[in-house]
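Here is a short briefing on how one protein chain is put together. Keep the structure open while you read.

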Amino acid sequence: MEELLRNVFHTIEEYHMIEPGMRVIAGVSGGADSVCLLDVLRQYRRKAPFELFVVHVEHGLRGQESRKDAAFVQELCEEWEIPCRVAAALVSRKAEKEGLSIEEAAREERYRIFEETGREWNADRIAVAHNRNDQAETVLWNLARGSGLKGLGGIRPVQGRRIRPLLFTDRADIEDYLRKAGLTWRMDRTNLETEYTRNRIRLSLLPQMEKDLNPQAAEHIAGAADRLRGVQDYIDRVTKEAAARCILVCGSSARPSAVIQLEPYKKEDRLIRQELLKCAVEVCADGLKDIGAVHLHMLERLADMDCGKRCDLPGGICAVREQGILRIGRKDSLTGTDAAGGGYAAVAIPVPGKICPAGIFDGISVTTERMPNAPELKKYFLEEKKYTKWISYDTIKNNLLLRNRRPGDYLVVNAQGGTKKLKEYLIEQKIPRDMRDQVLLLADGSHILWVIGWRISEAAKVTDETRQVLKVTCRGGRLPAGEREHTAGAKACRDRCDEYT
């Protein structure tokens, strides 16, 4: 008993699962694992006081037996003076309605109820009773399904506010602990039914591996998962750094799209390139559930194709190869307009680089260059050019966008940081109402760095303190005041970029 408590306490402290004063919800089914979890948490409160609350989910699958489980948990909580809530879940109805297996539907309903109760009770943590055997079963199941590295890392000890204090404890040790403590638990007969995939792994595959290959098979599989999670965490860190160099996010919050800048992207190792593609798709899709290796391979090939090529992905996602970039988004957002109906257009601007966007900005080209704020460049900063500006790159907080106006846009209009709504500025400039939506803007979030053809924001101006300068040139198309630089009409722009054939 003491050894299990020491090991679980060590896990709680190593992963900072519970701190004094926290509010913790425990999911308790009445089975051996969850009864052990509740008793361990009860013991740990003596070491680090915290509030404890129990939630039992009655899945409505086993009739009277299921109701007896709920009564058992309630009686245990009354004996231990722990508040308890029993919540009913309509698992069969959910499975039928959403085309899920009973296993999947039950799991989703449990976590939905845990999370809802957690929000209602303002819980800091939600404790669940996965153990080392569960970990081994999960890894084997993910391996059989063809999961990637993340799936082979199995279950995490801490995932958001969910914690799993028993994850490094064997099931046999849990039952031995309960017997020595004189505690009883409920048996769920569905755990013995081999129609469920996880049960087949638990009852047949894993015992066979322990018998024929290695008695410590489950322990070794769980250990491998722990190491693979470390590898995945490292890859995630490297990918995050690469994403900052390679991926721009643009569009509205309702319909975001991702732009992969191909020059830095192609310098990354293939493994990181694949992770970057996943990141870009995740920006636009609701997770990666329907995105497999074949789709990532399609995107890899597209990155090496000519401009104008495209491919379709599941979930209404589309990828288009453009000049120097790979643009990924929902089909209805790659036209340059916000699918929410606002009529806004937005195109990410690579730094440094050149872009000739299609659709509403057809015929426009924007070039950006980064350069240090060297004294010999200062004469250029002072020179007024209508369609070339020098901007303090240090002040940019988000991604650069070429776009039309949106609600909330503003300019910084003086050295003290005073702001003015873009709408007010356009009125002052006597721009007709029906022309204001056609004005091109260089934006950093809602901060308008440059009203192209007019002024730049005071906050974007180069000063003696500026370390990096961004030179931005806009050519071609329908520039704001009905003017255009004589070297760049719409056709010439398309010819120079060789973008659409």
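The points below go from the whole chain to its sheets, cores and helices.

This is a predicted model, in which local features need pLDDT of at least 70, side-chain atom pairs count only at pLDDT 80 or more, and totals for chains, interfaces and linings use all residues. Residues are numbered from 1 along each chain as its sequence is written, and side-chain values use heavy atoms, with hydrogens and water left out.

**Whole chain**

- The chain holds 16 helices and 21 strands. Helices (H or I, at least four residues) and strands (E, at least two) are DSSP runs, numbered from the N terminus.
- Of its 501 residues, 47% count as buried. Buried means under 20% relative accessible area, exposed means over 50%, and partly exposed lies in between (1.4 Å probe, protein chains only).
- Among contacts with a separation of 6 or more, 67% link residues 24 or more positions apart. Contact means heavy atoms within 4.5 Å.

- Two strands pair if DSSP finds at least two bridges between them.
- Strands S4 (residues 125-127) and S6 (residues 162-163) run parallel and share two bridges. Ala127 has Ile163 in S6 as its bridge partner.

**Nonpolar cores**

- The largest nonpolar core has 37 residues. Such a core is a set of buried Ala, Val, Leu, Ile, Met, Phe, Trp, Tyr and Cys residues joined through side-chain atoms within 4.5 Å.
- Ile18, Cys36, Leu38, Val40, Leu41, Leu52 and Leu178 touch the most other members of this core.
- Two or more residues each come from helix H1 (2-14), strand S1 (23-27), helix H2 (32-44), strand S2 (51-58), helix H3 (63-80) and helix H8 (171-181). H2 gives the most, with eight residues.
- Beyond its neighbours within four places in sequence, Leu178 is in contact with Ala32, Val35, Cys36, Leu183 and Trp185.

**Around strand S11**

- All six of the six residues of strand S11 (residues 325-330) are buried, so the strand is largely enclosed by the rest of the structure.
- Strand S8 (residues 256-261) pairs with S11 in the antiparallel sense over four bridges. Here Val259 has Arg327 as its bridge partner.
- Strand S10 (residues 317-322) is antiparallel to S11 and joined to it by six bridges. Val320 stands opposite Arg327.
- S10 and S11 form a hairpin with two residues between them. Gly324 in the turn has a positive phi of about 75 degrees.

**Helix H13**

- Helix H13 (residues 293-303) buries His295, Leu296, Leu299, Glu300, Leu302 and Ala303. They cover an arc of only 160 degrees around the axis, which puts them on the same side of H13. The arc is that of the directions from the helix axis to the C-beta atoms.
- Ala293 and Val294 are exposed on the face turned away from the buried side.
- The buried residues of H13 pack against helix H11 (262-265), helix H12 (270-284), strand S9 (310-313), S10 and S11.

- In helix H4 (residues 91-98), Val91, Lys94 and Ala95 are buried. Their arc is only 100 degrees, which puts them on the same side of H4.
- Arg93, Glu96 and Lys97 are exposed on the other side of H4.
- The buried residues of H4 pack against helix H5 (102-121).
- Gly99 follows H4 and has a positive phi, near 65 degrees.
- Asn199 sits in helix H9 (residues 197-212). Asn199 counts as buried because its relative accessibility is 4%.

**Four-stranded sheet**

- A second open sheet has four strands in the order S13-S14-S21-S15, with antiparallel pairing.
- Strand S13 (353-355) and strand S15 (388-392) are its edge strands.
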